[in-house]
There are 2 protein chains.
Amino acid sequence: MKLYLATSNRHKVEEVALALARYGVEVVAVRAEKLEIQSRSLEEIALTAAKNLREMDAPVAVEDAGLFIHALKGFPGPYSHYVYDTIGIPGVLKLLEGVEDRRAVFVSVIAVKTPDGRVEAFRGEVEGNITREPRGTRGFGFDPIFQPLGADKTFAEMSVNEKNEYSHRARAARALAEWLMKNFQATSRIE
Amino acid sequence: MKLYLATSNRHKVEEVALALARYGVEVVAVRAEKLEIQSRSLEEIALTAAKNLREMDAPVAVEDAGLFIHALKGFPGPYSHYVYDTIGIPGVLKLLEGVEDRRAVFVSVIAVKTPDGRVEAFRGEVEGNITREPRGTRGFGFDPIFQPLGADKTFAEMSVNEKNEYSHRARAARALAEWLMKNFQATSRIE
């Protein structure tokens, strides 16, 4: 089956496409005007965007993600993209100078609108730590300073396949896929 | 004449009310569901909110403001409220440790929707510097670390009347008032 993903971020497309390939879901990136509200809740942001998408001939999804750092009360959270573009990785590392608690959670919410207008949201999370310095050149955003629990690499040191073993986005994508399989059994799961 | 201001921030109400008193405009705070989008542009945020307000029996306004710090590429900008609630003043001062360029601009945009459905936006700005430490207890948000050019006090060390001589919000409010006077000449200006 086909899933439209309303994003212009090619990394997101690649990660979701790879996570969904084994379900037989083909991901097609589309550009769409998205209504993106301000909120502390990624669910609220993604659901509002999905509700305001036009219905298409296949399910259409939006993804919203954020890095929530414990010692910074969840900052940068839903505004991770803006924070990355302004103070960036050096700014976040400066904020954590002298801070022992490096715990952080990467969260992804994928909201989908079905051709018949239903809207559902799926959440994926991965716990980890903020490194002392950036490592790696893959991925995007704060990947170079996020090391998931159980890994000895940052997201930016991993291939997309490795990242998808841990990542918030792959987890949300798989939850979406399971739901699509149950509700749109057009294509059977390929194991 | 009457102006509704859709906000739950009593400081904003007080500042706008005082700035508009001399125009004979009475400010009435109202609670309203506001559609607040993510954008780098305060105009876009305020105009979208105003367009989505229901029309009332008098003009109804929304205000959006942000502190744009030069050395931080405009951060925290439109997300000043969220940044204040998370990393706060200590976080912003930490980001500016060792940074000589302390220049910043406080920007306010007031968007108004008239009873006949017209929407207009008014911008006010004040240039200043980020202090090395917080001073004063008045006002709200980043007022304790913002010292406008030409003043020897931070906003948090000023009375509302003093702050209004400089402030972005008072400037936007006065621009709105001039427009209201021209377009709704129900009450003549009190000099």
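Me: Is A:E36 buried, exposed or partly exposed?
Reply: Happy to start there, with a predicted model in which local features need pLDDT of at least 70, side-chain atom pairs count only at pLDDT 80 or more, and totals for chains, interfaces and linings use all residues. Residues are numbered from 1 along each chain as its sequence is written, chains are lettered from A and ligands numbered from 1 in the order written, and side-chain values use heavy atoms, without hydrogens and water. Buried means under 20% relative accessible area, exposed over 50%, and partly exposed in between (1.4 Å probe, protein chains only). With a relative accessible area of 33%, A:E36 is therefore partly exposed.

Me: Which residues of chain B is A:E36 in contact with?
Reply: Contact means heavy atoms within 4.5 Å. Leaving aside neighbours within four places in sequence, A:E36 is in contact with A:I45 and A:D64, and also with B:I37 and B:Q38.

Me: What is the relative accessibility of A:D64?
Reply: UniProt, in an unreviewed entry, places the feature "binding site" at A:E36 and A:D64; its positions are in the numbering used here, feature names are shortened, and annotations may be inferred rather than shown by experiment. A:D64 counts as buried because its relative accessibility is 10%.

Me: What is the angle between the planes of A:Y79 and B:Y82?
Reply: Rings of Phe, Tyr and Trp (its six-membered ring) pair if their centres lie within 6.5 Å; planes under 30 degrees apart count as stacked, over 60 as edge-to-face and the rest as tilted. A:Y79 and B:Y82 form an edge-to-face pair, 4.8 Å centre to centre, and the angle between the planes is 75°.
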